[in-house]
Amino acid sequence: MSVLPELTAAVDALRRGGVIAYPTEAVWGLGCDPFDQAAVMRLLDIKQRPVDKGLILIASTPAQLDGLIDWDGLSPPQRDAVRASWPGPNTWVVPASARVPRWITGDHDSVAVRVSAHLSVIGLCDAFGGPLVSTSANLAGLPPAFLRDALDPALLQRVDAIAPGETGGMTAPTSIRDARDNRLLRA
């Protein structure tokens, strides 16, 4: 099976500390290596988003999040609820391990994580070898882009690569729940 040149270019950009645009379950996202502080700061600058808000990590498998989630900070039923919802369009705020950088958690002791069932995300995370930052590919406060053609050309000029694929067709961004109390943070 051959790898699409656009996927290879996106993964190469990630490995060089770049920022990419890529399709997710619902909207186009901006992503980078979550452990590369300079890349994350550049992504936040492109998006015009403050670091204190924190960012979502997206993965292709739960194993890609090993060591990032403090599972002991959740009860067994809370852990089971998170794990039972994956893979899928379900983002959970969970206790973060000490390994998660502050430029990802922001002002929180938690991290937002999702294990996606979206084929483009799976291919990208697998080829990269780990989770990616996932935030909508729009300036903070503006509506997200559900189609590639709706991406802001000025934003696209600032990214290093565009991954291939289409969004998953959802009509709203993925839900976000706090695993500690099951509170819905974003419907």
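These legends describe close-up views of one predicted model.

Residues are numbered from 1 along each chain as its sequence is written, and side-chain values use heavy atoms, with hydrogens and water left out. Because the model is predicted, local features need pLDDT of at least 70 and side-chain atom pairs count only at pLDDT 80 or more, while totals for chains, interfaces and linings use all residues.

**View 1**
Helices (H or I, at least four residues) and strands (E, at least two) are DSSP runs, numbered from the N terminus. Two strands pair if DSSP finds at least two bridges between them.

**View 1. Strand 6 and its two partners.**
Strand 6 spans residues 132-136. Strand 2 runs antiparallel to strand 6, with 2 bridges joining them. Here Leu-30 has Thr-135 of strand 6 as its bridge partner. Strand 3 also runs antiparallel to strand 6, joined by 3 bridges. Leu-57 is partnered with Val-133 of strand 6. Is strand 6 mostly covered or mostly exposed? It is mostly covered, with 4 of its 5 residues buried. Buried means under 20% relative accessible area, exposed over 50%, and partly exposed in between (1.4 Å probe, protein chains only).

**View 2. The largest nonpolar core.**
A nonpolar core is a set of buried Ala, Val, Leu, Ile, Met, Phe, Trp, Tyr and Cys residues joined through side-chain atoms within 4.5 Å. The largest one has 36 residues. Trp-86 and Val-94 have the most contacts inside it. Two or more residues each come from strand 2 (28-31), helix 2 (37-47), strand 3 (56-59), strand 4 (90-95), strand 5 (110-115) and helix 6 (153-156). Helix 2 gives the largest share of this core, 5 residues. A second, separate core holds 15 residues, including Val-121, Leu-124, Phe-128 and Ala-161. In soluble globular proteins, nonpolar side chains tend to be buried together.

**View 3. Trp-86 and a cis peptide bond.**
Contact means heavy atoms within 4.5 Å. Leaving aside neighbours within four places in sequence, Trp-86 touches Pro-62, Leu-65, Ile-69, Trp-71, Trp-92, Val-113, Arg-114 and Val-115. The peptide bond from Trp-86 to Pro-87 is cis, with omega near -5 degrees. Pro-87 sits in the loop between helix 3 and strand 4. Most residues other than glycine have a negative phi, and most peptide bonds are trans.

**View 4. Gln-64, a buried loop residue.**
Gln-64 lies in the loop between strand 3 and helix 3 (76-84). Why does Gln-64 count as buried? Its relative accessibility is 15%. Leaving aside neighbours within four places in sequence, Gln-64 is in contact with Ala-59, Cys-125, Asp-126, Gly-129, Gly-130 and Pro-131.

**View 5. The largest pocket.**
On a 1 Å grid over the protein atoms alone, a pocket is an open set of points where a 1.4 Å probe fits, with protein on both sides within 12 Å along at least five of seven lines; lining residues have an atom within 4 Å of a point. Grid points are joined across faces, edges and corners, and a volume is the space filled by probe spheres set on the points. The largest pocket holds about 640 Å³ of space. Of its 33 lining residues, Arg-49, Ile-56, Thr-135, Ile-176 and Arg-186 are the closest to its centre. Helix 4 (102-105), strand 5, strand 6 and strand 9 (183-186) each supply at least two lining residues. Strand 5 gives the largest share of the lining, 4 residues. The lining divides into 15 nonpolar, 12 polar and 6 charged residues. Here Ala, Val, Leu, Ile, Met, Phe, Trp, Tyr, Cys and Pro count as nonpolar, Asp, Glu, Lys and Arg as charged, and the others, Gly among them, as polar.

**View 6. The hairpin of strand 8 and strand 9.**
Strand 8 (residues 175-178) and strand 9 run antiparallel, joined by 3 bridges. Asp-178 has Arg-183 of strand 9 as its bridge partner. The hairpin has 4 residues between the strands, and Asn-182 takes a positive phi near 60 degrees. Asn-182 is partly exposed, with a relative accessible area of 44%.

**View 7. Gln-48, a loop residue with positive phi.**
Gln-48 is found in the loop between helix 2 and strand 3. Its phi is positive, about 60 degrees, although Gln-48 is not a glycine. Gln-48 counts as exposed because its relative accessibility is 55%.
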